[in-house]
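I opened this notebook to record what I looked up in the structure. The entries follow the order in which I took up each topic.

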Amino acid sequence: MVATNMIKRCVCCNSVYLKRVKSFYKPPKKEPDYKIKKYFREIYKCSDCGNFHNYSKVNMNKIYENDYSQISYGTNLWNKLLKI
Ligand SMILES: [Zn+2]
C-alpha cells in the first residue's frame, strides 16, 4: 500500500469530488486503541460513488495494514462512526 499524505482521488471511481465529512482528534470508541498520542483522522466521502475514505496525519502504514485485515471499513461502520 502506497502511503499518501492527502486523499486526492476516490480509489473506487477516481472522482476528485471528495468531501470532508468528519474530523477525529481522538480515536472513536469503536476503533481499536492504537496507543497513538496525537491522533488525527479525517473522513472523506466521495460525492460520486458514496464511498468513505479516511486520511490520517499519523504515519500509520503498519496500523493501516492491521486496519484493513481486521476491520471491515464498509459503509455501515463509517455510518456508525459518523453518528457519534
Ligand atoms: Zn468514488
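**Entry 1: secondary structure.** I looked up the elements of this predicted model and found two helices and three strands. Read along the sequence, I noted the pattern β-β-β-α-α.

**Entry 2: confidence.** I then looked up pLDDT. The mean over the protein is 71, and 55% of the residues reach 70 or more. I marked two stretches where pLDDT stays under 50. Over residues 1-5 pLDDT is under 50, and the model has two contacts for them beyond four places in sequence. Over residues 65-72 pLDDT is likewise under 50, with one contact beyond four places in sequence.

Entry 3: How much of the protein is made up of buried residues? I recorded 6% of the 84 residues. Among contacts with a separation of 6 or more, 55% are between residues 24 or more positions apart.

**Entry 4: strand 1 with strand 2.** I looked up the bridges of this pair. Six bridges join strand 1 to strand 2, and the two run antiparallel. One of the pairs I noted is Phe24 with Arg41, the latter in strand 2.

**Entry 5: strand 2 with strand 3.** Strand 2, residues 41-46, pairs with strand 3 in the antiparallel sense over five bridges. I recorded two partners in strand 3: His53 for Tyr44, and Asn54 for Ile43. The hairpin of strand 2 and strand 3 has five residues between the strands. In this hairpin I found Gly50 with a positive phi near 85°.

**Entry 6: Asn14.** I looked up a further positive phi. Asn14 has phi near 70°, a positive value in a residue other than glycine. Asn14 lies in the segment before strand 1. Is Asn14 buried or exposed? I recorded Asn14 as exposed, because 10 other C-beta atoms lie within 10 Å and the cut-off for exposed is 12 or fewer.

**Entry 7: Tyr25.** I placed Tyr25 in the loop between strand 1 and strand 2. Tyr25 has 9 other C-beta atoms within 10 Å and is therefore exposed. Which residues does Tyr25 touch, not counting those up to four places away in sequence? I found Tyr39 and Phe40. I also looked up the separation of Tyr25 from Arg41: they are 16 residues apart along the chain, with 6.6 Å between their C-alpha atoms.

**Entry 8: Leu81.** I placed Leu81 in helix 2, residues 75-82. Why does Leu81 count as partly exposed? Leu81 has 19 C-beta neighbours inside 10 Å, and a buried residue needs 20 or more, so Leu81 counts as partly exposed. I then looked up Leu81 against Phe24: the two are 57 residues apart in sequence, and their C-alpha atoms are 9.9 Å apart in space.

**Entry 9: Leu82.** Leu82 also has its place in helix 2. I recorded Leu82 as partly exposed, with 13 other C-beta atoms within 10 Å. Which residues does Leu82 touch, leaving aside those up to four places away in sequence? I listed Val21, Lys22 and Ile43. Ile43 is the residue that I had noted with Asn54 as its bridge partner in strand 3. Finally, I looked up Leu82 against Ser23: they are 59 residues apart in sequence and 9.5 Å apart in space, C-alpha to C-alpha.

Notes: Residues numbered from 1 in each chain as written. Predicted model: local features only at pLDDT ≥ 70, side-chain atom pairs only at ≥ 80, totals over all residues. Helix = DSSP H or I, 4+ residues; strand = E, 2+ residues; numbered from the N terminus. Contact = placed C-beta atoms within 7 Å. Pairing = 2+ DSSP bridges. pLDDT = per-residue confidence, 0-100.
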